[in-house]
Amino acid sequence: MSDQSLIGRSLPRVEIREKLTGRAQYIADLYRPGMLHGALVGSPHPHARIVSYDVRAARAAPGVRCVLTGEDFGDHRMGAFIKDEHAIAKGKVRYVGEPVVAIAAETEAQARAAALLVEVRYEELPAILAPEDALAPGAAIIHEELASYFKVFEAVCGGNVCSSTELAEGDLERGWRESDLVVEHEYRTAPQAHVSLEPCGALAEVDAAGRVTLWSANQSVFRVQASVCESLGLPMSRLRCLTPRVGAGFGNKMEAHIQPIVVKLALAAGRPVKLVLSREEDFEIVRARHPFKVRVKTGVKKDGTFVARDVEVLADGGAYADDSPGVLGYSLLMARGPYRIPHTRCRGTLVYTNKLRFGAFRGFGNPQVSFGTETQIDEIAARLGIDPVAIRRKNALGPDDRWFGGQQLGSNGLAECIEVAERESKWKDRAQLAAAPGKRRALGFACTAHISGLLGTGAIVRLLEDGSVVLNTGAVDIGQGSDTILTQICADALKIPLDRVSIASPDTDGSPYNWGTTASRVTYTTGRAVFAAAREVERQIKTHAAELLECAEADLELRPGGVVGIKGVPGKELPFLAISARAHWRKGGPIIGTNSWVFDQPTVDPKRAVAVGLPFPQIGVYSFGALCVDVEIDETTGQIEVRRAWTVADVGRAINRGSVEGQLEGAFAQGLGFALVEEMVWNGPRLANPTLMDYKVPTSREVPYELHSYIVESPDPDGPFGAKGVGEIGINVVAAAIANAVAAATGVRLRQLPMTPERVLRGMLAAGASG
Amino acid sequence: MSARQTLVLRVNDTEHEVRAALHDTLLTVLRDQLQLTGAKRGCNHGVCGACTVLVDGRPVRACLTLAHTCRSAAITTIEGARGIADRLREAFEQAGAVQCGFCSSGMVLTASALLAARPAASVEEIRAGLSGNLCRCTGYRKIVDAVRAVAQGAER
């Protein structure tokens with residue numbers, strides 16, 4: 001059995017050949033007959049009332065077929081948590097670049113040329129560019145109608161406060177009294193751009209019945225459907241959402257981008273419309289990772305036992321709520337880390353500012369708070385003279401412990417993660433690491449956990465007439481490999497070869513609901529639904545086989561290759577083809593297995609914890625991880641080089657080992673950028689570096705080739721084959737581990753990201769540590 | 001906007017007559033007129049490398065290359081790349097060096113030009129040679145391993 005199992009193997013991606021031959025089609029590669037091209041006019045102001053539009057010249061420009069302003073859109077608002085956003089600016093603009101006018105023309109060049117002819121008159125309002133200014137008395141209000149917006153949770157909001165959240169366990173004052181040492185600092189993280197290599201885009205077409213088909217770069221056809229329909233006032237049944245291949249997402253493509261505008265253009269023009277953002281637009285108008293200010297205060301006993309923790313987050317949400325309330329709540333839930341700290345309180349405030357909206361980005365707030373919490377643990381360890389790994393191990397959550405808030409842990413491989421990272425990095429021999437002349441060198445360590453989440457999911461497994469199988473889940477493979485993993489799960493459950501299963505492309509008309517490719521959730525949630533749906537197919541196959549072979553269903557087994565037979569009787573068997581033909585033409589009906597479920601374990605146990613303004617009641621099961629990095633710092637330039645890294649994750653069970661490694665390694669590289677170089681910089685109200693010339697992401701030279709990933713398998717009782725998620729966990733503590741190595745090598749404790757050479761050098765000069 | 005002029009491009013060993021303005025890039029002509037969409041527009045600034053094609057065997061940024069400057073050249077896109085590119089495809093598949101795939105065309109073509117010049121390229125030469133092609137998904141290690149596997153094949 002095990003040698004034939006498809007589970008745990010590094011099978012190549014099912015779509016790999018199309019991607020290596022240039023045949024894979026992404027949104028920009030799609031064309032429809034008669035298709036127009038879209039372009040946008042962005043706001044030049046961060047905060048202003050729209051007084052009037054003059055689009056006469058644009059309408060008269062060559063090739064232009066349609067020009068839409070905010071006045072052409074109804075008063076409908078969208079938003080995952082707070083419905084505060086129109087499809088296009090209406091009445092007011094709230095950040096530079098916010099789309100105010102949309103144009104469709106025969107060619108992209110004509111559409112973009114016409115955009116330059118649009119004149120919009122504004123009445124400027126005071127701009128709020130920093131979170132502190134948003135909270136100041138008398139500050140201009142960015143959303144005057146906040147109180148009347150529909151909210152999907154009990155939001156604590158008002159003024160420019162979009163959402164505030166508190167989560168607490170134990171008795172903080174008692175915690176401080178029982179502590180021998182209390183350490184407190186503020187940490188700052190920088191806004192980070194997703195930089196999916198594929199910019200966002202959409203293509204919409206209206207059929208003869210007035211029904212719309214929409215293709216777009218996305219992480220969830222169902223979130224696209226919901227967002228477009230609520231922002232345009234369309235019934236959801238009037239919109240069909242499809243997906244081409246997606247050139248990565250990282251959170252950027254989860255909620256809507258320009259899909260509502262493109263649908264409106266297609267409806268107004270009566271022709272298909274495609275709009276693909278330029279790289280600059282993709283930087284300026286989609287979303288990014290929130291900059292956080294995090295105050296962390298931790299109390300410990302002399303022996304290193306953690307006693308108390310108080311965390312306060314101030315998050316810049318930008319102009320619209322988007323996924324921000326969720327990010328804030330999740331960051332607070334993660335701020336105790338994978339440790340026992342009996343007395344903990346985490347509070348956060350999310351404010352509106354006149355900048356691009358911030359939203360979901362791999363890690364979902366965890367990298368920001370972990371930069372503070374995981375570096376503070378090293379500071380405490382240094383003050384107490386305890387080994388950084390030992391203090392983590394001493395306080396690590398065990399299998400019987402609960403997460404902050406009270407949720408039980410179904411599985412917990414943290415101890416093994418720590419052990420693997422410690423062993424493989426030769427942590428205990430780190431004093432013998434040699435630095436090159438003019439360099440300092442040290443290892444840095446950090447631990448993490450992350451959910452594999454949440455919400456609703458389904459799967460449909462259909463046995464076709466010839467015995468082959470079509471799997472349909474609605475889960476979008478954004479490049480992480482879920483099409484392959486879900487195919488493996490389905491094929492393995494039915495004991496058929498991988499190539500006997502085809503996976504359907506997500507389609508809101510035909511696929512079962514899937515909330516989305518986000519929150520490290522597809523393997524865990526959708527994988528579980530696929531397994532259950534395949535089991536239902538097996539049950540139906542056995543019902544037929546029992547009648548045909550005249551035996552009890554319990555005596556039947558699936559055999560490799562698509563055969564059902566009587567246990568212990570080698571000759572007594574039937575191919576799936578015979579079963580399926582009977583079902584289709586003579587008895588029982590076509591064999592279709594379905595399953596759907598929603599994650600329903602509560603995050604907060606009210607007997608243990610108090611939560612106010614937490615936007616999600618149920619969030620997922622926990623994966624764990626540990627990371628060690630080998631860092632060298634140039635004493636003259638302050639340049640940090642990560643020479644080696646050992647990244648470990650407890651993923652429950654690896655369905656596809658190569659894909660798990662790919663997630664860990666890719667997340668590390670993105671975390672390396674967050675730690676060392678990436679920062680969106682605003683020059684006043686305007687983003688100053690919206691190009692890949694000026695916004696650097698790590699290349700093959702900066703990411704260490706010695707990037708070692710290790711898989712720990714502590715099976716989750718509810719996961720498919722025990723699997724949990726791995727999409728995000730690898731990014732969480734890259735910055736913290738590097739900062740810990742820098743401190744160990746130089747004595748300089750950096751509390752602000754990114755850790756640029758200048759900041760390192762200033763720290764070394766201040767400490768008198770530079771050579 | 002300048003008027004379009006007819007020009008003949010030799011792409012993947014086939015001559016194509018196309019209409020291009022003087023300012024039209026090779027990328028837009030390949031994608032919009034020849035439907036060769038394997039070359040991607042990632043940044044349109046020549047930074048990300050997703051639009052890489054081979055012109056007379058050299059990797060170029062199709063987004064920065066004017067179509068009219070390629071009149072007498074032999075252009076190879078991912079759709080027509082063979083030889084080393086086929087060995088790289090096999091190696092990328094074995095190494096799991098592809099995730100979203102948006103960089104893959106450029107990676108394979110850049111690597112094939114690198115290996116054409118340095119058949120037994122070392123890991124450090126590969127890391128340097130691919131540093132003009134961004135990948136946001138993989139962390140590069142599996143890509144470097146894939147290219148190195150082909151280079152090691154050449155060593156034997």
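Tutor: The questions below concern a predicted model.

Student: Which residues does A:Ile738 touch, not counting residues up to four places away in sequence?

Tutor: A:Ile738 is among the residues with the most contacts inside the largest nonpolar core, which has 318 residues. In soluble globular proteins, nonpolar side chains tend to be buried together. With residues up to four places away in sequence left out, A:Ile738 touches A:Gly444, A:Val629, A:Val631, A:Ile640, A:Val642, A:Ala675 and A:Met755.

Student: Is A:Asp605 buried, partly exposed or exposed?

Tutor: A:Asp605 is found in the loop between β23 (592–598) and β24 (609–612) of chain A. Its contacts, not counting residues up to four places away in sequence, are with A:Gly405 and A:Gly406. A residue is buried with 20 or more other C-beta atoms within 10 Å and exposed with 12 or fewer. Because A:Asp605 has 15 C-beta neighbours inside 10 Å, it counts as partly exposed.

Student: How far apart in space are A:Asp605 and A:Gln408, C-alpha to C-alpha?

Tutor: In sequence, A:Asp605 and A:Gln408 are 197 residues apart. In space, C-alpha to C-alpha, A:Asp605 and A:Gln408 are apart by 9.5 Å.

Student: Why do the buried residues of α11(A) line one face of the helix?

Tutor: In helix α11 (residues 388–395) of chain A, the buried residues are A:Pro388, A:Val389, A:Ile391 and A:Arg392. They line one face because, seen down the axis of α11(A), they fall within an arc of 165 degrees.

Student: Against which elements do these buried residues of α11(A) pack?

Tutor: The partners belong to chain A. The buried residues of α11(A) pack against α10 (366–384), α12 (414–424), β16 (439–453) and α17 (734–746).

Student: Which residue in the turn between β20(A) and β21(A) has a positive phi?

Tutor: Strands β20 (residues 556–559) and β21 (residues 563–566) of chain A run antiparallel and are joined by four bridges. A:Arg559 stands opposite A:Val563 in this pair. The two strands form a hairpin with three residues between them, and the turn residue with a positive phi, about 100 degrees, is A:Gly561.

Methods: Residues are numbered from 1 along each chain as its sequence is written. Chains are lettered from A and ligands numbered from 1 in the order in which they are written. This is a predicted model: local features need pLDDT of at least 70, side-chain atom pairs count only at pLDDT 80 or more; totals for chains, interfaces and linings use all residues. A nonpolar core is a set of buried Ala, Val, Leu, Ile, Met, Phe, Trp, Tyr and Cys residues joined through C-beta atoms within 7 Å. Two residues are in contact if their C-beta atoms, placed from the backbone, lie within 7 Å. The arc is that of the directions from the helix axis to the C-beta atoms. Two strands pair if DSSP finds at least two bridges between them.
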